[in-house]
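Please examine the sequence and the three-dimensional structure displayed below. The account that follows is intended to be read beside them.

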Amino acid sequence: MKAVADVGKRMKASMPEPTPHQMATLDSLIAGKRDSAGLAGLDTIVIRRFRALEQDFLKREIARIRSEQERSLYRAAFDTLRSYGLDRCVAYDYTLARWYAGQGDRLENDSARLEEVARLLPYVKTPYVTGKIVQSYASGCETRRTQERQKPRTKADEYFDELIAPYKENVLFLDFWSTGCGPCRSGMIAAKPVVEELKDLKIKFLYITDESQSPVEVYDRFLTENGIGGEHIRVTRDQWNLLKAKFDIGGIPHYAVVDKQGRIVDNNGWCRIGPKHCKSKLLKLEKEP
């Protein structure tokens, strides 16, 4: 029920009042003056929007619950030992190290892996095991970077490098959106305070849209009337398709974060909750060389 209530509120906030034409259409449908196919089409649009918002809410809740589970895991392991009258031991530290090593690709990127190591290390008391965990993290990072360097470059990679070149040495928060997307518009409005707060730092907010999905008149009016800050980029349909392929964009809004070296550190993972809620991570990236 909480998920339904949350989705309902977000739908209400993101969808404007119906126009006179839309109200006339609804009146006709309710009065039975339109065929059932027309009504079914309208239902399909509403249901699609509802399901998209519902899925977004559920994904965020699952990510939050998983994070809480991971935080409590190490404490719970030690509490279990104590319940059997045992104290910390090498076996306990070894078990935690093995658990971390088994995470593999579940941790999305080096930033997520570093956070996991930071949560783990305070519970490991054996210096040797601590060293092995740090060594495993560093080795994994280097392996993944080598694999990235060896990947053949695509046209999408080249276009993306060209797109972000003017923002070199800045942390970038990318927001893929369109004027016809209610959640996109409401998300941009909600992000205004943090965009304004961080505008003098080396953090840039790039709002990217496909010009065919965002007519210039509607685009300009929305940005002007709502005072949306940040950097605004309209790309062609072909360029949008390149970005769509590179970031595996299945729907919008879609967010990504790029570090000062131009590396994608998150792709619609932790950043999908929006700039306001991941400000601390953006600031941390901004402090890195």
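The model is predicted, so local features need pLDDT of at least 70 and side-chain atom pairs count only at pLDDT 80 or more, whereas totals for chains, interfaces and linings use all residues. Residues are numbered from 1 along each chain as its sequence is written, and side-chain values use heavy atoms, with hydrogens and water left out.

Of its 289 residues, 35% count as buried. Buried denotes a relative accessible area under 20%, exposed over 50%, and partly exposed the range in between, with a 1.4 Å probe and protein chains only. Among contacts in the chain with a separation of 6 or more, 71% come from residues 24 or more positions apart, a contact being heavy atoms within 4.5 Å.

A search of the whole structure finds seven aromatic pairs. Rings of Phe, Tyr and Trp (its six-membered ring) pair if their centres lie within 6.5 Å; planes under 30 degrees apart are stacked, those over 60 are edge-to-face, and the rest are tilted. One of the pairs joins F160 and F247 in an edge-to-face arrangement, 5.2 Å centre to centre with 75° between the planes. This pair links distant parts of the chain, since F160 belongs to helix 7 (residues 155–164) and F247 to helix 10 (residues 237–247), 87 residues apart. Both F160 and F247 are buried. A tilted pair is formed by F173 and Y255, at 5.5 Å centre to centre and 40° between the planes. Because F173 lies in strand 1 (residues 171–177) and Y255 in strand 4 (residues 254–258), this pair ties together parts that are 82 residues apart in sequence. F173 and Y255 are likewise buried. One aromatic cluster consists of F160, F176, W240 and F247.

Helix 4 (residues 90–101) has 12 residues and spans 16 Å from its first C-alpha to its last, close to the 16 Å expected at 1.5 Å a residue; the expected span is 1.5 Å times one less than the number of residues. Which residues of helix 4 are buried? They are Y92, D93, L96, A97 and Y100. These residues cover an arc of only 135° around the axis, which puts them on the same side of helix 4; the arc is that of the directions from the helix axis to the C-beta atoms. On the other side of helix 4, V90, Y94, R98 and A101 are exposed. An α-helix has 3.6 residues a turn, so residues three or four places apart point the same way.

N170 lies in the loop between helix 7 and strand 1 and is buried, with a relative accessible area of 12%. Not counting residues up to four places away in sequence, N170 touches L201, K202, I203, K204, V258, D259 and K260.

L223, in helix 9 (residues 216–226), is buried as well, with a relative accessible area of 13%. Its contacts, residues up to four places away in sequence not counted, are W177, M188, I228 and H232. The C-alpha atoms of L223 and T179 are separated by 9.6 Å, although these residues are 44 apart along the chain.

Technical notes: Helix = DSSP H or I, 4+ residues; strand = E, 2+ residues; numbered from the N terminus.
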